[in-house]
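Hi there,

Here is the structure I promised to pass on to you. Have a look at it first, and then read on for my notes.

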Amino acid sequence: MQTPPLPAALQDLAGRVAAVTGGSSGIGLATASLLLARGAAVAINGRDAQRLERAEQTLRARHPGARVLARTCDVLDGAAVQAFAAEVEATLGPVALLVNNAGQGRVSTFADTSDEAWTEELRLKFFSIIHPTRAFLPQLVRQAAALGDAAVVCVNSLLARQPEPHMVATSAARAGVVNLVRSLATEFAPQRVRVNGILVGLIDSGQWRRRFEARADRGQDWDAWSGELARGKHIPLARLGRPDEAAQALVFLASPAASYVTGTHLDVSGGHSRHA
Ligand code: NDP
């Protein structure tokens, strides 16, 4: 049985501008594509110029005539993020939807995580949110006043609630992000800027494809490798999630369909969470 569609007004993002950090791959690219399909203009960034260019071409091919801006920018460089935000506003208009997605996980136990590695990981997880949020906040506040709603959505991980010893620093940082999202949601609520996150489990994207490329058993194909991974992790849906499935949750939280939702995280883990 098909689920009836939401009223068009809630799905329609025409006239809104979105920025997706790390929009050149995986979850970010799928989110940019879904936002364009809903009628938004979309800006993406990433560090690798070639990957970014390929992503821009993909988006333009999928959405002819769409308004897309792609710029190289490291989210850890505060001045570069400020310049990116200014260029997005000048080119596409003020941003009403910010998706803080850029980043990657770090595989290390407590025994093999140096002070430098801890610092790097905490810096990535926090400043990948702090810099874009600070840079785009004036635009978000203005758009919230004009449209009645603006939103920040952060890609977070189930590790925030279910830490893994082999990803000790990432897990601890992710838990801190849950806390940060609540603080930002409370602080920005009077300005009608909502702040939420999603807790992803294992999503088929660049990170997992890179681990697949480095697999010990070279004879295993992706389906066998990822199926074994999902079964080993006891994921009830017995598979990895797709980037577009994470994107659906992000776009829901970013859209007016979630106008009374702020300060929370939506679980997108195929039932993997023991803490729902
Ligand atoms: P991908 O590697 O496919 O995409 C990551 C994106 O982030 C790329 O566009 C990358 O581009 C960009 N990026 C990384 N670091 C920076 C930076 N410092 N500045 C700007 N852009 C950056 O991975 P995913 O789609 O899986 O990852 C998206 C988010 O989801 C990440 O935050 C990740 O930690 C999180 N996540 C993913 C999980 C999964 O199972 N896939 C599980 C838990 C969390 P470039 O390298 O060119 O900069």
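Predicted model: local features only at pLDDT ≥ 70, side-chain atom pairs only at ≥ 80, totals over all residues.

**What I found**

At 49% relative accessibility, R192 counts as partly exposed, since that value falls between the 20% and 50% cut-offs. R192 sits in the loop that runs between α6 (168-188) and β6 (193-200).

You will find A238 in the loop between α8 and α9, where it is partly exposed with a relative accessible area of 41%.

R242 belongs to the loop between α8 and α9 (243-254) too. With a relative accessible area of 41%, R242 is partly exposed. The C-alpha atoms of R242 and D204 are 5.4 Å apart in space, although 38 residues separate the two in sequence.

**The chain as a whole**

Stepping back, the chain has 9 helices and 7 strands. How does the radius of gyration of the chain agree with that of a compact globule? For 276 residues, such a globule would have a radius of gyration near 19 Å, and the chain has 18 Å, so the two agree. Along the principal axes, the C-alpha atoms fill a box of roughly 50 × 45 × 40 Å.

Of the 276 residues, 51% count as buried. Among the contacts with a separation of 6 or more, 75% are between residues 24 or more positions apart. The accessible surface of the chain comes to about 13000 Å², and carbon and sulfur atoms account for 54% of that surface. As for charges, the chain has 29 positive and 25 negative ones, and their mean positions are 4 Å apart.

**Aromatic rings**

A pair of aromatic rings is described by the distance of the centres and the angle of the planes. The count here comes to 5 aromatic pairs. One of them is formed by W208 and W225, and it is tilted, with 6.4 Å centre to centre and 55° between the planes. This pair links distant parts of the chain: W208 is in helix α7 (residues 206-213) and W225 in helix α8 (residues 222-232), 17 residues apart.

Are these two tryptophans, W208 and W225, buried or exposed? W208 counts as buried because its relative accessibility, 14%, is under 20%. W225 is buried too, with a relative accessible area of 13%. Both rings also belong to one aromatic cluster, formed by W208, F212, W222 and W225.

**A buried leucine**

My last stop is L159, in the loop between β5 (150-157) and α6. L159 is buried, with a relative accessible area of 11%. Leaving aside residues up to four places away in sequence, L159 touches E164, M167, T170, S171 and R174. V20, by contrast, is 139 residues from L159 in sequence, and the C-alpha atoms of the two are 22 Å apart in space.

Best wishes

Notes: Residues numbered from 1 in each chain as written. Heavy atoms only, no water. Helix = DSSP H or I, 4+ residues; strand = E, 2+ residues; numbered from the N terminus. Rg over C-alpha atoms; globule rule 2.2 N^0.38 Å. Buried < 20%, exposed > 50% of the residue type's maximum accessible area, 1.4 Å probe, protein only. Contact = heavy atoms within 4.5 Å. Areas by Shrake-Rupley, 256 points an atom, 1.4 Å probe, with all protein chains shown as cover. Lys, Arg positive; Asp, Glu negative; His and termini not counted. Charge placed at Lys NZ, Arg CZ, Asp CG, Glu CD. Phe/Tyr/Trp six-rings, centres within 6.5 Å; stacked < 30°, edge-to-face > 60°.
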